[in-house]
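Thank you for asking me to look over this model with you. Please keep the sequence and the structure open beside these notes while you read.

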Amino acid sequence: MERLSITLEDDLKHQLDTQVPKGERARFVANAIRHALEEKKRKQALDYLLAFKTYPSPKDSSKILQEIREERTETVYQRSREE
């Protein structure tokens, strides 16, 4: 574990001092940073997904899935006949 020195606005420091007991502040701040970093990662992932360029498909997705399933069924059937 490493020590970290940070500067907080007076009001924020006062709220931390009055709402979180002295022995729990390091854990509280670590959890707050962890939560903020997880939120940042989620936001980045969402931004990435929203910016993802879609491409038109000539087929309906349900038709594509049906074709994939039929191909897999045929493959399994052919393998079972080879054994």
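Predicted model: local features only at pLDDT ≥ 70, side-chain atom pairs only at ≥ 80, totals over all residues.

1. Residues are numbered from 1 along each chain as its sequence is written, and side-chain values use heavy atoms, with hydrogens and water left out.

2. How many salt bridges does the count come to? With a salt bridge taken as a side-chain nitrogen of Lys or Arg within 4 Å of a carboxyl oxygen of Asp or Glu, the count comes to five. One of them joins Lys59 to Glu67, whose side chains meet at 2.9 Å, N to O. Salt bridges with shared partners also bring Lys13, Asp17 and Arg25 together in one network, and within it the closest N and O atoms of Asp17 and Arg25 are 3.3 Å apart.

3. A further salt bridge pairs Arg42 with Glu39, and here the closest N and O atoms are 2.6 Å apart. Both residues belong to helix H2 (residues 25-51), and because they are three residues apart in that helix, about one helical turn separates Arg42 from Glu39. Helices here are DSSP runs (H or I, at least four residues), numbered from the N terminus.

4. Are these partners buried or exposed, or something in between? Buried means under 20% relative accessible area, exposed means over 50%, and partly exposed lies in between, using a 1.4 Å probe and protein chains only. Arg42 is partly exposed at 46%, and Glu39 is partly exposed at 37%. Lys59, with 42%, is partly exposed, as is Glu67 with 31%, and Asp17 counts as partly exposed at 29%.

5. Ser80 lies in helix H3 (residues 61-82), and its side chain reaches the backbone oxygen of Tyr77 at 2.7 Å. At 45% relative accessibility, Ser80 counts as partly exposed.

6. The largest pocket has a volume of about 750 Å³, and of the 19 residues that line it, Leu4, Arg25, Ala26, Val29 and Ala30 lie nearest its centre. Helix H1 (10-19) and H2 are the elements that give two or more residues to this lining, and H2 supplies the largest share, eight residues. By class, the lining of the largest pocket holds ten nonpolar, one polar and eight charged residues.

7. The second largest pocket has a volume of about 180 Å³. Its lining includes Ile6, Leu8, Leu12, Phe28 and Ala32, and although H1 and H2 each supply at least two residues, H1 gives the most, with four. Which classes make up the lining of the second largest pocket? The lining has eight nonpolar, two polar and no charged residues.

Key:
Polar contact = N/O pair within 3.5 Å; in protein donor to acceptor, adjacent residues only side chain to side chain. 1 Å grid on protein atoms, 1.4 Å probe; cavity = no way out; pocket = protein on both sides within 12 Å on 5 of 7 lines; lining within 4 Å. Points joined across faces, edges and corners; volume = space filled by probe spheres on them. Nonpolar A, V, L, I, M, F, W, Y, C, P; charged D, E, K, R; others polar.
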